[in-house]
Amino acid sequence: MKNKLSAFIKQLLLPGLLFFAITGFAQVKQPKIKPIAIPFDAAHWDTTLQKVEFLSYKGTKAMKVLPGNKLVVLKDINFTNGTIEFDTQPVDVTKSSFLSVYFRRQSNDESELVYLRTAKDESLQRNDAIQYAPIIRGVNLWDMMNHYQGPAAIKNEEWNHFKLVISGMQMRVYLNNMEKPTLEIPRLEANATAGGIAFDGQAYFANLIIKPNETEGLSPAQGTDLSNHDVGYIRRWEVSAAQFLEKGRELIREDLPTDTTKWQPVWAERHGLINLTRVYGGIENRGGGVQNKNRYVWLKTKIRSTKDQWAKIQLGFSDEVSVFINGGLIYTDKNQYPQPIRKYPDGRLDVANSSFEIPLKTGDNELVIGVSNYFYGWGIVARMVKMDGSIAVLQE
């Protein structure tokens, strides 16, 4: 087994994805590699940070993750594309838990992640039972990408069979039903394109099989973002450098940028997301030993109107915003998980977080938004509702 595993690792290091192109993801045909079963034993898993037990469970060799919230990392693996299959079951069925698999993991700061949110009563369908989230600059963006989740047929007292099919920019996730995907991800959002595999969560794990380059015909190019056809999204902004703000203090007119403020352009990602985490990291990356302060930035853009009018804007945000139009404060709000003040849906960024009217004058109007980071990821999604030809937003 050791020789087979060594040969397998060497083959995993073969180049997979060659480059990103403007029109999509380029791919070359990869050699067929025999599936490899990974043993659950001390020789193959790094348990330095997280204690586990290797044991026989329900007739198969398994790994039981003991209490703690650290990762158990598979040794000497560099995974790019292919299929990952394994079985998992919660240890304690009397309480909710998270069961997680990491792939293309370069470090604790850069990885892809899929996890189950188990519940005591799995007969009740819910939309957050399974979720995909990228980890970027040390931040789990579970609160920024509400669209990458769904219901799942989780079994609390039996094995749950996982299959992840990963091809370039896309992924399909199957759980207990190998005919129909439980989750389909049109674009993998992490910066990492290759890396290790790891598990965490109070669970048993067994029967891990890796099939390099077996992608079941799944395209490596990213899938369509239907929001691209909506001209209401404000996709191009300018962003200031990050600054510090005392916790509990809101941005006011006197804090607005000045003529000496330096700006750089920032463009929306999928679903109109201005992802400040990708640019600045999260609150965990503040550095400098700053305590009792949040980081904030200013975003600005222009909205052109053919007449004086009031217009409605939808604003999704994480975590706090102060909105100014032509120098006047028009809106301020917070979306703080897990506080009662959190917005629908459950304190996560979504275009449905808020909506309000803004006054527009004839000609160009300067929209400036202060965004501060309280918890995990941060950013905004802004969408003008009334697009009847009398309003234009900066797109390029």
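Which element gives the most to the lining of the largest pocket? In this predicted model, that element is β9, which contributes five residues.

## Largest pocket

The largest pocket has a volume of about 920 Å³, and its lining is made up of 30 residues, with Asn-69, Tyr-102, Asn-140, Asp-200 and Tyr-376 lying nearest the centre. Two or more lining residues come from each of β9 (97-105), β10 (111-118) and β12 (139-140).

By residue class, the lining of the largest pocket divides into 13 nonpolar, eleven polar and six charged residues.

## Second largest pocket

A volume of about 200 Å³ is computed for the second largest pocket, which is lined by 14 residues, and of these His-147, His-271, Asp-350, Val-351 and Val-381 are the closest to its centre. The lining of the second largest pocket comprises seven nonpolar, three polar and four charged residues.

## Cavities

When the whole structure is searched, two cavities of 30 Å³ or more are found, and the second largest cavity holds about 60 Å³ of space. The elements that supply two or more residues to the lining of this second largest cavity are β25 (320-325), β26 (328-334) and β28 (363-372).

The residues lining the second largest cavity are Leu-245, Glu-250, Leu-251, Glu-320, Val-321, Ser-322, Thr-332, Asp-333, Lys-334, Gly-370 and Ser-372, and they divide into three nonpolar, four polar and four charged.

Technical notes
Residues numbered from 1 in each chain as written. Predicted model: local features only at pLDDT ≥ 70, side-chain atom pairs only at ≥ 80, totals over all residues. Heavy atoms only, no water. 1 Å grid on protein atoms, 1.4 Å probe; cavity = no way out; pocket = protein on both sides within 12 Å on 5 of 7 lines; lining within 4 Å. Points joined across faces, edges and corners; volume = space filled by probe spheres on them. Helix = DSSP H or I, 4+ residues; strand = E, 2+ residues; numbered from the N terminus. Nonpolar A, V, L, I, M, F, W, Y, C, P; charged D, E, K, R; others polar.
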